[in-house]
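Please go through the following briefing with the sequence and the model side by side.

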Amino acid sequence: MVSNYLLLEEPIRMASILEPSKPTFFPAMTKIVGTLGPNSRSVEVISGCLRAGMSVARFDFSWGDAEFHQETLENLSVAIKRTKKLCAVMLDTIGPDLVIVNKSEHPISLQEGSLVTLTPDQDIQASSDLLPINFSGLSKAVKKGDEIFIGQYLFTGSETTSVWLEVSDVKDEDVVCLIKNSATLSGPLYTLHVSGIHIDLPTLTDKDKEVITTWGLRNKIDFLSLSYARCAEDVRQARELLSGLGCLNQTQILAKIENVEGLNHFDEILQEADGIILARGNLGIDLPPEKVFLYQKEAVYKCNIAGKPAVVTRVVDSMTDNLRPTRAEATDVANAVLDGTDAILLGAETLRGSYPVETISTVGKICAEAEKVYNQDLYFKKAVKYVGEPMTHLEAIASSAVRAAIKVKASVIICFTSSGRAARLIAKYRPTMPVLSVVIPRLKTNQLRWTFSGAFEARQSLIVRGLFPMLADPRHPSESGSSPNESILKVALDYGRESGVIKPHDRVVVCQKVGDASLVKIIELED
């Protein structure tokens with residue numbers, strides 16, 4: 001299978017753009033995280049999402065109780081067995097989320113030029129003059145002239161019912177604000193965001209800890225999305241909590257950068273976390289609009305060079321209610337891929353959107369098209385230059401495997417791994433072909449029973465661009481005189497043939513350990 005990757009710098013026939021793309025077993029190299037909720041929790045819909053390309057299922061605990069999410073997760077398990085598509089589980093924490101509760105759920109009309117008071121007294125009824133908030137320290141955090149955003153965008157995917165306020169005065173615990181634009185707030189819950197202000201609340205709330213130690217532990221979550229990560233210490237505290245929960249010590253932490261405070265500590269957060277989620281919803285409020293793209297490009301590049309997954313959010317909001325994305329949204333998805341993002345996270349689009357399966361399919365198609373013109377050669381040179389010399393043993397093997405695969409136009413790279421680290425390093429160099437990560441199970445014991453490792457490692461590669469896991473069978477055919485690695489390689493090659501990734505006469509690059517040595521070899525397949 002010869003790669004047909006193009007470079008945007010090269011001239012191409014405009015008519016060729018209209019040629020339909022050939023369907024492939026892997027919808028795209030870029031992964032898709034889908035948030036499961038009211039419109040995407042049945043076995044049928046989840047099965048459709050998996051077939052369309054969802055590889056990570058996100059459970060957002062900013063709404064819904066544990067019982068609701070448990071039922072959804074059980075449906076996910078059934079869908080995985082039905083479709084035979086592997087899927088990882090991500091728990092998204094609430095964090096220091098400021099909200100306004102409208103108990104009556106009657107629409108609240110706010111008029112430009114009028115005043116409205118934000119109060120921590122949650123017993124009062126929300127109205128056009130008075131809005132109760134869930135934080136008593138707001139009056140101490142803000143000053144005259146500060147900007148406050150109120151809206152439903154995090155819950156509906158629509159920003160048409162949002163309002164900007166400017167702090168006019170502070171009276172005891174109340175904050176009096178000038179309304180900058182007319183809007184009608186409808187529904188029971190509105191999010192509140194204060195631009196560029198430190199909110200004195202813990203990143204990991206008591207409710208978050210309860211959910212992690214109960215629901216998270218019970219379901220052995222693969223990823224923890226740490227909302228509102230503001231410094232490296234936030235990640236360390238989350239890691240300490242997970243480490244004390246048995247099997248959750250393997251759970252990877254994706255730090256969610258949602259404000260300027262997290263942006264200012266980005267480098268130290270990236271060093272501590274296993275990956276980064278660029279929560280562009282809140283960041284788009286905290287940052288000037290003209291700076292958002294620059295942050296995204298720099299943040300994704302830093303993640304790429306560190307070999308840690310970068311996940312971008314808020315790309316096709318309009319598909320919450322529409323079957324097609326806007327032109328700007330389609331371009332935004334493509335640019336995220338060209339920037340180097342590992343995964344696209346869909347929130348309201350799949351959570352409560354009308355077209356969850358179609359949204360995943362559309363985003364996957366856009367990603368696949370953008371990947372064809374990704375300048376891998378330029379990125380490879382930058383990555384190698386950044387690593388410098390002398391390279392570590394693993395870096396040298398990974399970069400050599402990618403270089404060899406591109407030079408011989410291999411159809412796939414097969415990597416044997418136990419921890420998943422070697423496969424992630426190969427993916428770091430962004431090969432133009434899929435990387436089949438064959439996870440070798442390890443036998444472990446706690447002195448009471450035997451268990452096999454490997455499932456965590458396989459699922460956690462589902463958020464890494466270009467990495468496709470396969471869990472090897474720990475039992476090797478005794479009738480064969482071949483080594484265990486050779487028998488597993490045969491299974492991997494057969495899997496590649498069945499999926500259509502590998503065809504007769506293709507070349508395959510294999511990366512494996514033989515004793516204490518690491519080996520990169522090229523196989524040319526026969527009929």
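**Salt bridges and a buried aspartate**

Lys-180 and Glu-166 form a salt bridge whose closest N and O atoms are 3.4 Å apart, a salt bridge being a side-chain nitrogen of Lys or Arg within 4 Å of a carboxyl oxygen of Asp or Glu. Lys-180 lies in the loop between β10 (174-179) and β11 (183-185) and Glu-166 in strand β9 (residues 163-171), so the pair ties together parts that are 14 residues apart in sequence. This is a predicted model, in which local features need pLDDT of at least 70 and side-chain atom pairs count only at pLDDT 80 or more, while totals for chains, interfaces and linings use all residues. Residues are numbered from 1 along each chain as its sequence is written, and side-chain values use heavy atoms, with hydrogens and water left out.

**Charged pairs**

- Lys-180 is partly exposed, with a relative accessible area of 36%, and Glu-166 is likewise partly exposed, at 30%; here buried means under 20% relative accessible area, exposed over 50%, and partly exposed in between (1.4 Å probe, protein chains only).
- Arg-239 forms a salt bridge with Asp-274, and the closest N and O atoms of this pair are 2.8 Å apart.
- Asp-92 forms a salt bridge with Lys-256, with the closest N and O atoms 3.0 Å apart.
- Asp-92 lies in strand β3 (residues 88-92) and Lys-256 in strand β14 (residues 252-257), so the pair ties together parts that are 164 residues apart in sequence.
- The structure holds 23 salt bridges.

- Asp-286 lies in helix α9 (residues 280-286).
- Which side chain of opposite charge is nearest to Asp-286? It is Arg-230, 10 Å away, and Asp-286 is buried yet has no salt bridge; for charge, Lys and Arg count as positive and Asp and Glu as negative, whereas His and the chain ends are not counted.
- A polar atom of the Asp-286 side chain lies 2.9 Å from the backbone nitrogen of Gly-196, and a polar atom of that side chain lies 2.7 Å from the backbone nitrogen of Val-260.
- Leaving aside neighbours within four places in sequence, Asp-286 is in contact (heavy atoms within 4.5 Å) with His-193, Val-194, Ser-195, Gly-196, Asn-259 and Val-260.

**The chain as a whole**

- The protein chain has 18 helices and 24 strands, and 52% of its 527 residues count as buried.
- The radius of gyration of the protein chain, taken over C-alpha atoms, is 24 Å, which agrees with the value near 24 Å for a compact globule of 527 residues; the globule rule is 2.2 Å times the number of residues to the power 0.38.
- The C-alpha atoms fill a box of roughly 80 × 65 × 50 Å, taken along the principal axes.
- Among contacts between residues at least 6 apart in sequence, 70% join residues at least 24 apart.

How values were computed: Helix = DSSP H or I, 4+ residues; strand = E, 2+ residues; numbered from the N terminus. Polar contact = N/O pair within 3.5 Å; in protein donor to acceptor, adjacent residues only side chain to side chain.
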